[in-house]
Amino acid sequence: MEKKVSPIKEGITHRAWIVYGLFVFLGLLIIGRILYIQYGPDGETLRAVAEGTRTFRWAEQEAERGNILAYDGRLLATSSPMYEIRMDFKATGLTDSLFYRHLDALSEALAKFFGDKSKQQYKNLLDSRRQQAKTGNQRVFRIAPRRVDY
């Protein structure tokens, strides 16, 4: 005995095959367009442009640490950034006249802030580093003996 398929089921199956065929056709159309773009008349040019626009690079970034709080919200520990004081003696804006005009004030400020050397010692240090930068290839020198916060 042969099973008879209802006309409703047959209509649904027919429409499903049509939708399936449309999806296959669209997929083939998209694949064809991709192949045409990559390997067609302008393919080599477009690949060269794509190679030139890649700007991906790896960069390690140190995570900023957060605060540690007690259960009641009191601050227990915190992180604060620390900086080294360095001077670029080959900076274009740092002319000899500008440097020597403010050398006394800078030396005095460093001596007061750090308290490890006298004004004259800082003045001699800065002057010798300026001369080293002029004659050598090193342009940046560390000025301060310790790190400072903001």
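Select helix H3 (residues 96-114) together with helix H4 (residues 119-135): the two pack at an angle of about 135°, and their axes lie 8 Å apart. Helices here are DSSP runs (H or I, at least four residues) numbered from the N terminus; axes are lines fitted to C-alpha atoms over the stretch in contact, with angles running from 0 to 180 degrees between N-to-C directions.

The model is predicted: local features need pLDDT of at least 70, side-chain atom pairs count only at pLDDT 80 or more, and totals for chains, interfaces and linings use all residues. Residues are numbered from 1 along each chain as its sequence is written, and side-chain values use heavy atoms, without hydrogens and water.

Next, select helix H1 (residues 7-39) and helix H2 (residues 43-52), which pack at about 80° with axes 5 Å apart. This makes H1 roughly perpendicular to H2. Display Ile37, Gln38 and Tyr39 of H1 with Gly43, Glu44, Leu46 and Arg47 of H2, the residues that make the contact (heavy atoms within 4.5 Å).

Finally, select Glu62, Ala63, Glu64, Arg65, Asn67, Thr78, Ser79, Ser80 and Pro81, which line the largest pocket. A pocket is an open set of points on a 1 Å grid where a 1.4 Å probe fits, with protein on both sides within 12 Å along at least five of seven lines; lining residues have an atom within 4 Å of a point. The volume of the largest pocket is about 200 Å³, counted as the space filled by probe spheres set on the points.

Technical notes: Parallel < 35°, antiparallel > 145°, perpendicular 65-115°, else oblique.
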